[in-house]
Amino acid sequence: MALLDVKNLSIRFAGRSAAEDVHAVRGLSFAVEAGQCVAIVGESGSGKSATARALVGLAGPNALVEADHLLLGATNLLAFGPRDWRAVRGRQIGFVLQDALVSLDPLRTIGAEVGETLREHRLVPRTGIKPRVLELLASVGIPDPAQRHDQYAHQLSGGLRQRALIASAISGEPGIIIADEPTTALDVIVQAQILRLLSELKADGRGLILISHDLAVVSRLADHIIVLRHGEVVEDGTPEAVFQRPQADYTKALLAAIPSGRTRGQSLSGDAPRSAAASAAKAAQPVLVASGLNKQFGQRHVVNDVSFTINKGETVGLVGASGSGKTTLARIVLGLERPQSGTITLNGAPWSALPEHRRRPLRPRVQLVAQDPLGSFDPRHRVIDIVGEALEIIDFPAAGRRAEILRLLASVGLDAVHLLRRPRELSGGQRQRVAIARALATRPSVLICDEPVSALDVSTQAQVLDLLAGLKRDLELTMLFVSHDLGVIQHVSDRVLVMNDGRIVEEGLPDIVLEQPRHPYTKALVEALPRLPVG
Amino acid sequence: MTSLSRRSLLQGVGVLLASTALPAFSFAQALPTGGRLVVAADSEPRNLNPAIVASNGVFFVASKVIEPLAEADFEAEGGLVPRLAIAWEGSDDGLSATFKLRQGVTWHDGQPFTAADVAFSALEVWKPLQNLGRIVFANLESVDTPDDYTAVFNFSKPTPFQLLRNALPVVTSVLPRHLYEGTNIAENPANTQLVGTGPFRFAEYKPGEYYRLARNETYWGEGLPHLDEIIYRVLPDRAAAAGALEAEEIQLAAFSAVPLADLARIAQVPGIEVISRGYEGLTYQLVVEINHRRQELSNLEVRRAIAHAIDKQYVVDTIFLGYATAATGIVPHNAPEFYNPEVPQYEFDIAKANALLDAAGYPRGDNGIRFSLKLLPAPYFNETRQFGDYLRQALAEIGIDAQLVNNDSAAHQKAVYTDHDFDLAVAPPVFRGDPAISTTILIRSGTPAGVSFSNQGGYESAELDSLIDRAAETVDTEERTQLYNELQVRAGEQLPLINVAEWGFITVARDTVLNVGNNPRWAVSNWADTAVQQ
Amino acid sequence: MNRALRLIGRRAISSIPVLLIVVIGTFFLLELASGDAVDAYLVSIGGGDAALIEHLRQSYGLDQSALTRLWIYVSSLARLDLGWSVAFNRPIAGLILERLPNTLYLMGSATALAFVFGTALGILAGARPGSLGDRLLSIGSLALYAVPSFWLGLVLSVVFAVQLRWLPTSGIETIASGKQGLERALDIIRHLVLPVSALAMIYLALFLRLMRAGMAEIWRLDFVRAARAKGLTRARIVLRHVARNALLPVITMLGLQAASMLGGSVVIESVFAIPGFGRLAQEAVSARDAPLLMGIIVVSAVLVIVVNMLIDLVYAVLDPRVGASEAAS
């Protein structure tokens, strides 16, 4: 018998009237066997998280959960009341949430959080809780469990937090673990470790339901993959079937949209084919030259003797784990942080050494596209204000401003209907397009892209990457592209810098650096990268 | 020095003894003795010494401890009963005044009271330090003490005995010489820890909470006082005073501590009485002060028009809820010795006021406004502020646009009396028994800027000034009274200021408190005969 | 503990310029107000002649320039001498020491009451956002919050003191009662019931609303979902996770409110005739007694700073994240 058997599940969120009801999921069926992993993959709004929550009775007060049957072993979950659910949660179904920092109570120690299920369900005697928690922490690979036991979430790294969450989820020895995007916020290397931990759980005979937006992530773990789109199942099968012989166009597009070295020079979204224009063909013309940059925060050497050059029309990828110093480096290049030693020149003139009052008039030459445009826009400004402000800075004649804004929006694939929208009224992809339009408004010499697609769904990411590629070709954009995603870096970069512990440990052409890494860190990074089992 | 005859002095004594002391004595026998009286106080004066600060707030507490030479009375001849003086007489030339003092009086610290105390108080305190004494005793040169119980005041210029007599209750609080002599009088600790000869001794002061006065066992008045204790409980909020009275936490609230608007209701509460008697000697006048520097207001017809625009009866009925009298002139009805009803009246007549203004050359503009004025109502009383609102409306009726400026006390004082930054102001001066220490300062020109409650409106009339100056030196009572009569008529004609109403305060008390309001300055008298029914 | 001490030390040093700014600001604000201490005194005594006024200005030191007076004040303050009150003709330090306890009783009990009941009711309301109980409490607290404190004070006084006579109408203790020790303490408590209630109710409403709003926010956070996924009961989630996290901003607000409560007590002290700090400040302003007012403000500022230091300490105990960044560097 399956641990969990779902037949024709439908989740509806009640609106004010039946017409306003939102169907989050319909017609979803699957079964989880012991020692098996079912992966539910989809982009935001696909209904994958609603499914995960419905399985533990947490879909919310407005949710209507219906199914032909929803069986946990032999128990009918559809007939459950709150008390029944409480008995199931933690003991029979463990739940691992996405973001470990916000999924652990910041005011309680790791030990208290992990031991909570034990205490609540009285699974072990009071005095036995601590030893059991230490055991659990050790079992999920947390080093020095006795010390971690008394620490708080903020004192742990992302990977350790995620491990602690998993420890908490398995503390009640549930047969089923639901993991909702368990690795999204993590670096590749840590992600690989967590995936290994999850596969160990699977090997222990637990049933695993893995929720993710990333096909590559689930590819190693899943025995069965379900691709959801707008609540509908579009693909359902074994990994081989899904990856080798995808049936739905959506799945094909999704697979094609994943950036990697192979996709360089190609369109990811499939709507704007482009030729691999030879940017390298031109003579190297340095735009931004950094030499011997150093930055220390207290004892920590965040940027350690970093030198690099970006030539005109070139995209330089900067890759590294979180804490590697790449964000600080980006801030130094932007002129937001002053290096303790070393210099940056821009078009041959001093940049980092300038006092602020002399740098300010030059700031339009270096522009930023950040990860979260929502955070970098004034929520009360409309698109016309956001882009117009950038034009104002370069004293663009007021008379032509509106036309210029429209031209910029057109260049990023937006049009006049978006002019009066506010950030919240735009989709994530549209927001990032506005951010690019704003950055381009000042005709910058260098564009710094700091994780510009990390927060986006795969297909939206593909569109934005295609847009940047097109702009690069048409405008000869010079870019520093910062990302933790090797695939993205490999896709966009003409040259790659690998950063670790504040140093540039490896530099070169992406194919050479990432296909034949020499430095151990780069090797680890490349090995950890989940890859699609595609030929 | 004096032409005082011994006979007339003794006559005075005899009359006074016969008329007042004896009835008070017999009355005392019928009243209950002992007990504590708790009354509301709304302020805590910085300096509690009545010989230095002659104000009602100080007297309210200090008059029970420190006594004047004589006190006001409803029935006694001349309106005065003896306190530390038992007889008084002025010389015909006004250059001296003789006081016979009470014997056998001791200070609260046991020292005997003598004429030396009076001489010291007059020369060292009343004349140089006291806000009113400085006027009354301006010409005091020396005080002779032929014996321990006689004090003869010698003046360099004639000083009307009428003024002296009228001022006795206010300006002659006697201080113990032995505690003050040779010290910095203004900063003497006895200014807050009072030592006097009165029926109560100063027992305790808890700042922000209460003053406690205790019975003086060695008081000279036989069988007096009746009360064991008086407690002044500090209640700055008026609503709190009414509440405390109703809850029987206090037994008496004087000086209209209970707002007029509450009186109708509180009068219905069983056991509570509303008493308006006992303030006849403390009449407040509601006055419109005028800045004559302002061109429009220097025009007599304009001032007359304003006087016609004010409905005095409405003010009395609506603002004072009837607890006031419409004024007829600069001297109030409550001063029968001086009051002259035969003065020009400005009946309420809007049409006439408008006609006067038209004729004066101030026609209404397109917006119906003739000119604008700055109106500063004094903030001391609810009624002065309310009258400010009323006056603004009344002036609007005759096309004068008045801008109200509401200040707090200090700011009002500076704006009106120092900076002259006003066109009209509402003031509540007190009539203190004689025009020379109440009224004339509001009319006489030449007062330097900064002197509060004086003529700071720039009004100058040689005629009125000369009347005031002559009266100040006229010794003959009848002649002096006549001069003031004329001053009232002239002021009525010229309107240096406009008198609107006269009012006394209201006392609200439990009916267990006896002898409330039985003299014209009751709240600031010594309360020796006040008693509480147990 | 080391972390806490460092926090205090830093706060203490940074508060000195704050105090100086407060003092100078107050001085010039009062200087801007029309009329001076002599004007105010003249009104209270019913006027005086020019010579008296001259004499008073001299003896009050008001014949000197504003800057000279400010310098004299600040330099004496630097020697911890609060100076002399012209309005009360007494040393300011004594005046303040006399009044401060009453206000501290009033504010302390009102704050404690408001905080305890406010957060408790806030937890009740926030335990089930949108429930009937929540809605009733929210409406009730809004109504309470909208009521001016003096009006509430008067109503309480009329009902409980004048009509029912359960409690005294005003004052801090029974006048001249001669009570001592425990008896006196009980007497003071009896007198404080009404003013403390009046003052507390409004802040209670504030804390209630803040707690409720904070909880509503916490409910949406992932760790609450995680707690539910562990199978915790609602009560356990509310107390262990939601309320505890929502309490932190309320505690910050508690510190901020210390200052505004000083202001609120002015009104209550006047209505209930409690000789406290607020009333003293009011008297200082109306008497234009600049040194007294500055003394009051300096002491109040110190009080607020101390309260906020305590709040910071409490916060550091409750929130393990506080000071973590320093520890790292």
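Contact here means heavy atoms within 4.5 Å. The model is predicted, so local features need pLDDT of at least 70 and side-chain atom pairs count only at pLDDT 80 or more, while totals for chains, interfaces and linings use all residues. Residues are numbered from 1 along each chain as its sequence is written, chains are lettered from A and ligands numbered from 1 in the order in which they are written, and side-chain values use heavy atoms, with hydrogens and water left out.

**Stop 1: the chains**

Colour by chain and select chains A and B. These two do not touch, and their nearest C-alpha atoms are 42 Å apart. Of the 2 pairs of chains that touch, chains B and C have the most contacts.

**Stop 2: chain B against chain C**

Select the residues of chain B in contact with chain C: there are 47, facing 49 residues of chain C. The two chains bury about 3,600 Å² between them, 53% of it on carbon and sulfur atoms. Buried area is the accessible area (1.4 Å probe) that two parts lose on being put together, summed over both.

The rule finds 4 salt bridges across this interface; a salt bridge is a side-chain nitrogen of Lys or Arg within 4 Å of a carboxyl oxygen of Asp or Glu. To see one of them, show C:R279 and B:E44, whose closest N and O atoms are 3.8 Å apart. There are also 10 residue pairs in polar contact between chain B and chain C, both residues at pLDDT 80 or more. A polar contact is a pair of N or O atoms within 3.5 Å; within protein, one must be able to donate a hydrogen and the other to accept it, and residues adjacent in sequence count only if both atoms are side-chain atoms.

Which elements of chain B supply at least two residues each to the side that touches chain C? They are β1 (36-41), β9 (210-215), β10 (229-234), α7 (238-246) and α13 (409-418). Helices (H or I, at least four residues) and strands (E, at least two) are DSSP runs, numbered from the N terminus. The largest share, 7 residues, comes from α13(B).

**Stop 3: α13(B) on α2(C)**

B:S409, B:A410, B:Q413, B:K414 and B:T418 meet C:D39, C:A40, C:L42 and C:V43 here.

**Stop 4: chain C against chain A**

Now select the 22 residues of chain C in contact with 24 residues of chain A. The area buried between them is about 2,300 Å², of which carbon and sulfur atoms give 57%. The count of salt bridges is 4. In one, A:E116 pairs with C:R240, the closest N and O atoms being 3.0 Å apart. Residue pairs in polar contact between chain C and chain A number 12. On the chain C side, α9 (222-229) and α10 (234-271) each supply at least two residues, and α10(C) gives the most, with 7.
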